[in-house]
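Please read them alongside the coordinates.

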Amino acid sequence: MSNLNLKTPSALASHPTQETIQIATKHPATLAATVFRPDTVKAAVMIAPATGIKRQFYQNFAQYLMEHGYGVISYDNEDIGESMQGDLKYSNASLISWGRYDMTAVLDRLIQEFPNTSYHLVGHSAGGQLFGLMPNYHKFTSVFNVACSSGQIRNMAMPYRAKAMWFMDVFIPVSNVLFGYTQSSKIGMGEDLPKNVAKQWRDWCNGAGYIKTAFGKTVKTHYYNEVNLPAMWVNAPDDDIANDKNVADMIRVFPNMQATTQTLKPKDYGLQHIGHMKFFSRQNQLLWQQTLDWLHQHG
């Protein structure tokens, strides 16, 4: 069961606070999450994580948003991090369930925690790819996607393309057969992944349009064609995965989205590297002003 110790606006603490909560989904699963409550709420933000990335990775970014007046929820997807619910080889989680059930439940909880405001998605990689599966997507006012793309392998440059092909086409299927899940943590690719998550990741990255390859097959109900929200898609030129071609490939899956793109060059910010992950690094927090500007514009 979910934690029902909800706070009404009058009961919110008089100083910024954060609390670990649990969120029940209809999969069913119970997700570990953290809610960040500011003094006064300008708007509310859901941070949707990349594949296999725990919510602690976004801790500093979430605190930064809270300190600037935004209520935030970050979370671990089903069977990732503190949302692990048993032996991973028996997990029924998938990318589809992460989008359809996890993201839907987290947004519902965000609205409960911070009523009567606007709601925004900050999606990192998979977190921005999957929200077209959410039946309640229309409750968002805007989307801010970071390093979000189709991840299409053939659009990647060598030598990274060879590494991605080995991971997707050799490591994932072999690991799934041997262990019943993908031991991605062994090679520095985030947390270990449920077999269905890894299999869908592999299948979708081997075709154009990522999840679009599954439309009418394993994905029979979705909202990608209906999404018409304003969305900012930011990437970096040193990102081997979310390069400009793959960002454009993913945006095409949302044909009615009001999409704006921006490529953040490290040298323009005095940085050495941004890549796929380091937008959220505390050392790169001067990039976070991009998010504040967007939220202020669309709040």
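1. The lining of the largest pocket divides into 17 nonpolar, eleven polar and five charged residues. Here Ala, Val, Leu, Ile, Met, Phe, Trp, Tyr, Cys and Pro count as nonpolar, Asp, Glu, Lys and Arg as charged, and the others, Gly among them, as polar. The volume of this pocket is about 600 Å³. Its lining has 33 residues, and Tyr-160, Met-189, Trp-201, Ile-241 and His-276 lie nearest the centre. Two or more lining residues come from each of α3, α4 (160-179) and α5 (195-205), with α4 giving the largest share, six residues.

2. On provenance: this is a predicted model, in which local features need pLDDT of at least 70 and side-chain atom pairs count only at pLDDT 80 or more, while totals for chains, interfaces and linings use all residues. Residues are numbered from 1 along each chain as its sequence is written, and side-chain values use heavy atoms, with hydrogens and water left out.

3. On the terms for voids: the grid has a 1 Å spacing and covers the protein atoms alone; a cavity is a set of points where a 1.4 Å probe fits but cannot get out, a pocket is an open set with protein on both sides within 12 Å along at least five of seven lines, and lining residues have an atom within 4 Å of a point. Points are joined across faces, edges and corners, and a volume is the space filled by probe spheres set on them.

4. The whole structure has one cavity of 30 Å³ or more. The volume of the largest cavity is about 50 Å³. Its lining divides into eight nonpolar residues, three polar and one charged; among them are Val-146, Ala-147, Asp-239, His-276 and Phe-279.

5. Ala-147 deserves a separate look. Its phi is near 50 degrees, a positive value in a residue other than glycine. Ala-147 is in the loop between β6 (142-146) and α4, and at 2% relative accessibility it counts as buried (buried means under 20% relative accessible area, exposed over 50%, partly exposed in between, with a 1.4 Å probe and protein chains only).

6. Asn-116 also has a positive phi, about 60 degrees, although it is not a glycine. Asn-116 lies in the loop between α2 (95-113) and β5 (119-124) and is exposed, with a relative accessible area of 79%.

7. Where are the cis peptide bonds, for example the one that involves Pro-28? A cis bond joins His-27 and Pro-28, with omega about 5 degrees, and Pro-28 is in the loop between β1 (17-25) and β2 (29-37). Another cis bond joins Met-158 and Pro-159, also with omega about 5 degrees; Pro-159 is in the loop between β6 and α4.

8. Gln-183 sits in the loop between β7 (181-182) and β8 (193-194). It counts as buried, at 13% relative accessibility. Leaving out residues up to four places away in sequence, Gln-183 touches Phe-171, Ser-175 and Asp-192 (contact means heavy atoms within 4.5 Å).

9. Overall, the chain has seven helices and ten strands (DSSP runs numbered from the N terminus: helices H or I of at least four residues, strands E of at least two). Of its 299 residues, 56% count as buried.
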